[in-house]
Amino acid sequence: MKIQSLIRENDRLVPVEVELNFIPGLPQIQFLGLPDQAIRESIHRIKSAIRSQGFEFPKAQQVLVNLRPSHLKKSSRGLELAVALGLLWESEQVPKPQEESVLVYGELSLNGNVFEPDDLREDFDPLEDLTVWTGTSEENKVPFTRARLTELRDLASPEILPGMPREYKVERPLFGLDLEFPERQAEMLKLVAIGEHSLLLAGPAGSGKSTIAKTLLSLLQAPSQEDLHEIIKSNKGSGGESLSWRPMVHPHHSTSPLGLIGGGVPPFKGEITRAHKGVLVLDELLEFNPRAQEALREPMEEFCIRLRRGRFIEEHPAEALVIATTNLCPCGDWVPQAKVVCGRSLKKCQSYMERLSGPLVDRFQLIFFTQKRELGGVISGVEILKTLEDARAFRSEMAMKDPRFRKVAGRWKWEELIQDLPSFYLQELFPRELASRRRDLATLRVARSYADLEKTEKLTPKHVEKALKATYLPFEALKRLGC
């Protein structure tokens, strides 16, 4: 009979085979296969638990425990139950189960009580239907079947608990919903929230950039249970409170490139992975180290991070909505088409703006210039949310017959976007002097969001022409600033 258990590999649990054999010698347990100190200490708990429960530890026999694969360093909280059960089964003190292979993961007390480690329900996602032998726990909702033992004496008749879907509490934050926004800002908020388009906010101090960034979190689509499970796994060990919504990660501008994208030996997660399925706010973007800015270029486009450090290779998700805020000059008031009274020279302002990486700016699908005083009417955050929920209901209906709508518009690919547009129109669509495939793709994605807000199934030239004003014109104005 094969006994399998679980070992920790970064943020997840992976199977390991536990092989037991008895040889003549002193009555002790010897682990083989690179166990860590925690596994070695479990020897004393296993021996104490077996004897406390009325079982016998093999006399004049040494128990060899081989952990396969043998070349990987082993770290595990629940391996001791697998060894204890294997020892009792192999010594025939308890009948073996009829299955050819069993998965065992649990912790032991000195008197033989069995407990389920917390990381079993949080970090173990089996690819197939199986039964896990484990102990008692406060949380009963896990997506796999468990054979639960209260103590080792229950080994002959474990309690079988069927798997149940995980349930997380989902609660929308209320920040910004009670505020009123000028029409121009309200339209931008709708676009970003419905399509999850990366956004660069530039403007004078006190024009509401940080408020807009925080409000966007409240306007995003509610996460599914699967999304929330991914979010909790990505933020495990961060020391924050339990999450009931998408995360908002707000790194300080002194954060290093390593802190933003992750790394080290072995590789650890960075801030952009902590913001997976949520919002990454880069406040005062120009104050970030240039290397830190450049490090964000690939994850903003690929929505994942692949790191190699020595012999370690790690791939982490990074599907975050990136919102950056910045002033374009030291005084903070220098923006396109604005009259500025400033005591600093034009050269000083230009040198400050040169900190902004052009290739990084190209990764932002939307650029928006805030103003201290906006003309026109105002729209409340509650009204904006209602409009977004209506559009999301339309998208949910469309997703039942068109799989493209299962993704937000900011994640659609070029081939998916051009299906609804005539080929002759695409040839003359984009400005030649600013043409780049990345900017063209951003325009089509924003156009798709305009279509979603209008509840239109197919993308039309009208939506594309509207999107050009939101993607090309601000991008061109930023390039010409100071010329």
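Author: Start with pairing. Two strands pair if DSSP finds at least two bridges between them. Keep in mind that this is a predicted model.

Reader: How many bridges join strand β13 to β16?

Author: Strands of a sheet pair through backbone hydrogen bonds, either parallel or antiparallel. Here, 2 bridges join β13 (residues 248–249) to β16, and the two strands run parallel. Met248 has Val279 as its bridge partner in β16.

Reader: What does β16 pair with over 4 bridges?

Author: With strand β19 (residues 321–326), in the parallel sense. Look at Leu280: it stands opposite Val322 in β19.

Reader: Which way do the side chains of β16 point?

Author: In a regular strand the side chains alternate between the two faces of the sheet. Now the case. In β16 (residues 279–282), Val279 and Val281 point one way. Leu280 and Leu282 point the other way, and all are buried.

Reader: What is the order of the strands in the open sheet of 5 strands?

Author: Read it as β13-β16-β19-β12-β20, with parallel pairing. The edge strands are β13 and β20 (366–369), each pairing on one side only. Strand β12 (residues 199–202) joins β19 by 4 bridges, and these two run parallel. There, Leu201 stands opposite Thr325 in β19.

Reader: Which helix packs on the sheet and touches β12 and β20?

Author: Helix α17 (residues 461–480) does, and its direction makes about 60° with that of β20. Another helix to find is α5 (residues 209–219). Helix α5 lies across β12, β13, β16 and β19, running at about 155° to β12.

Reader: Which residues touch the most other members of the largest nonpolar core?

Author: A nonpolar core is made of buried residues joined through side-chain atoms within 4.5 Å. The largest one here has 49 residues. Met188, Leu189, Val192, Leu199, Leu219 and Ile323 touch the most other members. Take Leu199. Its contacts include Met188, Val192, Leu216, Ile323 and Phe368, leaving aside residues up to four places away in sequence. Apart from this core lies another, of 37 residues, among them Val16, Leu87, Leu108 and Ala147.

Reader: Now a helix. How many residues does α2 have, and how far does α2 reach?

Author: An α-helix has 3.6 residues a turn, so residues three or four places apart point the same way. Helix α2 (residues 79–90) has 12 residues. From first C-alpha to last, α2 reaches 16 Å, close to the 16 Å expected at 1.5 Å a residue. After α2 comes Glu92, whose phi is positive, near 60°.

Reader: Why is α2 largely enclosed by the rest of the structure?

Author: Count the buried residues, those under 20% relative accessible area. In α2, 11 of the 12 residues are buried, so the helix is largely enclosed by the rest of the structure. Among them are Leu79, Glu80, Gly86 and Trp89.

Reader: What is the pairing in the open sheet of 8 strands?

Author: Mixed, in the order β3-β4-β2-β1-β5-β8-β9-β10. Its edge strands are β3 (29–32) and β10 (159–161). The twist averages 35° from one strand to the next. Helix α2 packs on this sheet, and its direction makes about 35° with that of β2.

Definitions and conventions. Residues numbered from 1 in each chain as written. Predicted model: local features only at pLDDT ≥ 70, side-chain atom pairs only at ≥ 80, totals over all residues. Heavy atoms only, no water. Expected span 1.5 Å × (residues − 1). Buried < 20%, exposed > 50% of the residue type's maximum accessible area, 1.4 Å probe, protein only. Contact = heavy atoms within 4.5 Å. Axes fitted to C-alpha atoms, helices over the stretch in contact; angles between N-to-C directions.
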